[in-house]
Amino acid sequence: MSSREPHDDDHDDHDGPDDHDGLGGLDGLGGLEAELSALGDSLDVPAPPPADVAARVRARLGGEGVEAAPGVPRRRLERRRRWAVIAAAVLAVAAVTAATPQGRAAVTQILNYAGIELRLGGAPEPVVSPTPLPGERVVTLDRARALVRFPVRTPGALGPPSAVTVSDGGRVVSMLWPGGLRLDQFDGTISPYLWKQLGPPFPEQVEAGGVEALWIGGAHPLGYLRREDGTSVPLRQAAPTLIWESGGVGHRLEGAGDKARAARIADSLR
């Protein structure tokens, strides 16, 4: 992939094939809906109210509440539909995990978003032995930009980072600030690279940097998928994090404290 400038995801009248919002573009929507529809059909909760739970999820997956208003561009409508099916998946897992102890312990569903595999289920076991990303090394910001094949931006709201690292042969650029603030940038269009194991509170939709983002409001296990064989490798216990994709680049901002501040920092990326 050649270096390119990020595009503006706010151009709602654009209706071309280069729509990147972390869900694989317009053509990928059918496959996602099919997977989530299967999820709705598979709900089997052995305690009341199973029928109500499954019916609500199937209704959300069927597109309930996503209507085309006169004059609304096709791209905006498709984006709303994608967020509707994400919301339905989160509803499904939340409903089942809340319904029974068995569900809270065992249910896991997977969504791929912005180059990150989100594993939704019961309360996960924390990571107790932190591990760095493979090949992580400290470099200058200019050197980091030269080593990767995607555009690297900096948040004006935070000032210059105290450290910059490049990991895994140029797959990830990380910027760090005092107080545990960390911004990771990576190719968000390839197969998932990072993973997060998530229990309640489940991801919440917010707007950041002019695009839709997901706010993960609790501490959670973070890991990466090994390039060679896809093995899941735990990294550490991550603080609340904002994740989004813009211009084909995945972003995760950790340690901002709350979603409003995280969104402000994301808005300041240049």
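Student: Which residues is Ser268 in contact with, leaving aside its neighbours within four places in sequence?
Tutor: This is a predicted model, so keep that in mind throughout. Ser268 is in contact with Thr154, Pro155, Gly156 and Ala157, once neighbours within four places in sequence are left aside. Ser268 itself sits in the segment after helix 6 (259-267).

Student: Is Ser268 buried or exposed?
Tutor: Buried means under 20% relative accessible area. Ser268 has 14%, so it is buried.

Student: Which residues of helix 6 are buried?
Tutor: First the general idea. An α-helix has 3.6 residues a turn, so residues three or four places apart point the same way. Now this helix. Ala262, Ala263, Ile265 and Ala266 are buried in helix 6. Their arc around the axis is only 160°, so they are on the same side of helix 6.

Student: How many residues does the largest nonpolar core have?
Tutor: In soluble globular proteins, nonpolar side chains tend to be buried together. Here the largest nonpolar core has 49 residues. Strand 9 (residues 211-216) gives the most to this core, with 5 residues. Those with the most contacts inside the core are Leu118, Val173, Leu194, Leu242, Trp244 and Leu253.

Student: Which residues is Leu242 in contact with?
Tutor: Leave aside its neighbours within four places in sequence. The contacts of Leu242 then include Val206, Ala208, Leu214, Trp215 and Leu253. Ala262, Ala263 and Ala266 are also among them. Those three alanines are buried residues of helix 6.

Student: How do I read a strand such as strand 7 (194-198)? Which residues lie on each side?
Tutor: In a regular strand the side chains alternate between the two faces of the sheet. In strand 7, Leu194, Lys196 and Leu198 are on one side. Trp195 and Gln197 are on the other.

Student: Which way do strand 2 and strand 7 run, parallel or antiparallel?
Tutor: They run parallel, joined by 5 bridges. Leu118 has Lys196 in strand 7 as its bridge partner. Strand 7 also pairs with strand 10, in the antiparallel sense, over 3 bridges. There, Trp195 stands opposite Gly223 in strand 10.

Student: What lies over the face of Trp195?
Tutor: Arg119 does, at 4.5 Å from the ring centre.

Student: How many bridges pair strand 10 and strand 11?
Tutor: Strand 10 and strand 11 (residues 232-238) pair over 6 bridges, in the antiparallel sense. Tyr224 stands opposite Val233 in strand 11. The two strands form a hairpin with 6 residues between them. In the turn, Gly230 has a positive phi of about 75°.

Student: How many aromatic pairs does the structure hold?
Tutor: It holds 1. The ring centres of Tyr193 and Tyr224 are 6.0 Å apart and the planes are at 40°, so the pair is tilted. The pair links distant parts of the chain, with its residues 31 apart. Tyr193 is in the loop between strand 6 (181-187) and strand 7, while Tyr224 is in strand 10 (residues 220-225).

Student: Are these tyrosines buried or exposed?
Tutor: Tyr193 is buried, with a relative accessible area of 1%. Tyr224 is buried as well, at 8%.

Student: Which residues have a positive phi although they are not glycines?
Tutor: Start with the general rule. Most residues other than glycine have a negative phi, and most peptide bonds are trans. Ala114 has a positive phi of about 55°. Ala114 lies in the loop between strand 1 (108-113) and strand 2 (116-121). Asp168 has a positive phi of about 50°. Asp168 lies in the loop between strand 4 (163-167) and strand 5 (172-177). Ala114 is buried, with a relative accessible area of 1%. Asp168 is buried too, at 12%.

Student: Where is the cis peptide bond?
Tutor: A cis bond joins Pro200 and Pro201, with omega about 0°. Pro201 is found in the loop between strand 7 and strand 8.

Notes
Residues numbered from 1 in each chain as written. Predicted model: local features only at pLDDT ≥ 70, side-chain atom pairs only at ≥ 80, totals over all residues. Heavy atoms only, no water. Core = buried A, V, L, I, M, F, W, Y, C linked by side-chain atoms within 4.5 Å. Buried < 20%, exposed > 50% of the residue type's maximum accessible area, 1.4 Å probe, protein only. Helix = DSSP H or I, 4+ residues; strand = E, 2+ residues; numbered from the N terminus. Contact = heavy atoms within 4.5 Å. Phe/Tyr/Trp six-rings, centres within 6.5 Å; stacked < 30°, edge-to-face > 60°. Lys NZ or Arg CZ within 6 Å of the ring centre and 35° of its normal. Pairing = 2+ DSSP bridges. Arc of directions from axis to C-beta.
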